Amino acid sequence: MNTQLAGTGALLRLALRRDRVMAPVWILVVAMLVLSLPGSLESVYGTAAERERLLATMTANGSLRALYGPVFGDSIGALTAWRGGVFAGLLAGVMSLVIVVRHTREEEESGRQELLSAAMVGRRAPLTAALLAALTANAAAALLVTAGLAGRGAAGALALGLGIGATGMLFAALAAIAAQLTESARLAKGLTGAFIGAAFVLRAAGDAGAPDGGSALTWISPLGWLEHVRAFAAERWWVLALFAAASAAQLAAAYALAARRDVGMSFLPARPGPARGRLGSAGALAWRLQRGALLGWSLGFLAAGVVFGGMTDGATELVGDNARTREIIERMGGQAGQAGQGVLADAFLATMAGMLAMVAALYIVSAVLRLSAEESGQRAEPLLANAVGRLRWAGGHLAVAFGGSALILLLAGLGLGIGHGEDIGGAVAATLGQLPAVWVIGALAALLHGAVPRFAVAAWAVAGAALALGWVGPALNLPQAVLDLSPFAHLPKLPGGQDPSWAPFVALTALAAALLAAALTALRRRDLAA
């Protein structure tokens, strides 16, 4: 056996055991994003005429192509690949970067990898085990997608499943390189996430300008390659070779870099400290640690708002007189039972505001859980050994998390208003109106960290469930009792002609405050995590 790979099997089993909850959740989210679509698409575009109209509208509408990509066929399978393929590939990429970084750079950052390397563990074993764990997750997601869509056409189902899995593995290889270059897991995730975001932007820009997806910008992006597999529409199997070649090149680079550095070291070391200025409080430290992430989220939400606002007129044109699509959008936007093109536009804006708020819940969870990262990384203990109390330490991070969520929703609202070109104040009110629900999810994350830090990661499941209920629930016509499990379901949907009551805003804000108080009380009473 190659001594460079000694211990790979044991490390893989350890990785799979550690991911026994997280990985299945990610796999199901990726697969269900695709598998939930055929039924709803069939109810919306049940006739050939409706599907032909959709193809004609998408060909003429660049803003919608930027979001979803071009349509290459008029079958339900082809529409499923169009509607969910890129987003499933995007989620597979995020899943892969989380798995690879968790079992490489995070292990080194915590010091566990150094202990493991003292045993019979080869130099390449940790990286190989992490990549095999990512391969297992992506293969499982691809298998579920293929099996679930096989009834629509075996070849198309296999092409889409392989495309999604290959996209995940390409970004897994990219994360492996980032883990060698950077000194911290946070920077490795940020660098890989930036590349994933750039891939989406390149694909969107290319598709917006080329109805057939033939733009050079689309071909630069791996997400554009996923489109050009053309599942259920005269599949292009040779495109999968691009994924294989790019992944192989990146893996070779990752292994070459890994062989040239010591455990815990990196090629891009972090700065030893600020060149100027000083940190006068725990809040200032929290701000310095989180300001980069907040800047990235802020720019992303502003840009997303502009894009979604500009899509409003095109979306209402796409819906036209399709009663089922109108019903879904109006249900998501809180305008059900009303009529008129202006009402549909308001419903679409309200839907986009709600979706941006649900994504903002992911930001607040990540910002709150920075407390867990500081504690488990043993950086909190030296800080708290000085004249800094736990409440001041936690309060700094919570202030950035809750204030930051308000900032990104404000910018999202500005973007929606600017993109739509009408009523900027109403768009801002629509996004900020969802803030109490975002705060409830952030407060739940704080409570999990304060009371049961071992299970703080479950906050991601809470945010993911709220996102899934808001995104898929109305399309599947789920019972209102199920939709009400999300805090977002209890807030009025703005803009619109309705006169919203202040009661749900006050109730959810009070609930968030109560959860935060319970979280800080629990944090004061427990020991720091070892």
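Student: Hi! Which residues does Glu374 touch, leaving out those up to four places away in sequence?

Tutor: Glu374 touches Leu289, Arg379, Ala380, Trp393 and His397, where contact means heavy atoms within 4.5 Å. Before we go on: this is a predicted model, in which local features need pLDDT of at least 70 and side-chain atom pairs count only at pLDDT 80 or more, while totals for chains, interfaces and linings use all residues. Residues are numbered from 1 along each chain as its sequence is written, and side-chain values use heavy atoms, with hydrogens and water left out.

Student: Okay! Where does Glu374 lie?

Tutor: Glu374 lies in helix α19, residues 370-376. Helices here are DSSP runs of H or I with at least four residues, numbered from the N terminus.

Student: And is Glu374 buried or exposed?

Tutor: Glu374 counts as buried because its relative accessibility is 7%. Buried means under 20% relative accessible area, exposed means over 50%, and partly exposed is in between, using a 1.4 Å probe and protein chains only.

Student: New topic: α15. Where is its kink centred?

Tutor: The kink in α15 is about 50 degrees and is centred on Gln290. The bend at a residue is the angle between axes fitted to the seven residues ending there and the seven starting there. Gln290 is also one of the buried residues of α15, which include Leu294 and Phe301.

Student: What span should α15 have?

Tutor: Helix α15 covers residues 282-310, so its 29 residues at 1.5 Å each should span 42 Å. The expected span is 1.5 Å times one less than the number of residues. The end C-alpha atoms of α15 are 41 Å apart, which agrees.

Student: Nice. What about Phe232, what is its phi?

Tutor: Phi of Phe232 is near 65 degrees, a positive value in a residue other than glycine. Phe232 sits in the loop between α13 and α14, and it counts as buried because its relative accessibility is 14%. Arg230, in the loop between α13 (222-228) and α14 (239-258), has a positive phi too, about 55 degrees, although it is not a glycine.

Student: Last one: which residues make the nonpolar surface patch?

Tutor: Val306, Leu407, Leu410, Leu414, Ile418, Ile424 and Leu432 make that patch of about 490 Å². Patch residues have over 30% relative accessible area and no salt bridge, and nonpolar side chains are joined within 5 Å.

Student: Which helix gives the largest share?

Tutor: That is α21, with four residues. Ile424 is in α22, and it is partly exposed because its relative accessible area is 38%.

Terms used
Patch = residues over 30% accessible without salt bridge, like charges linked within 9 Å, V, L, I, M, F, W, Y side chains within 5 Å. Areas by Shrake-Rupley, 256 points an atom, 1.4 Å probe, with all protein chains shown as cover. Salt bridge = Lys/Arg side-chain N within 4 Å of Asp/Glu carboxyl O. Helix = DSSP H or I, 4+ residues; strand = E, 2+ residues; numbered from the N terminus.
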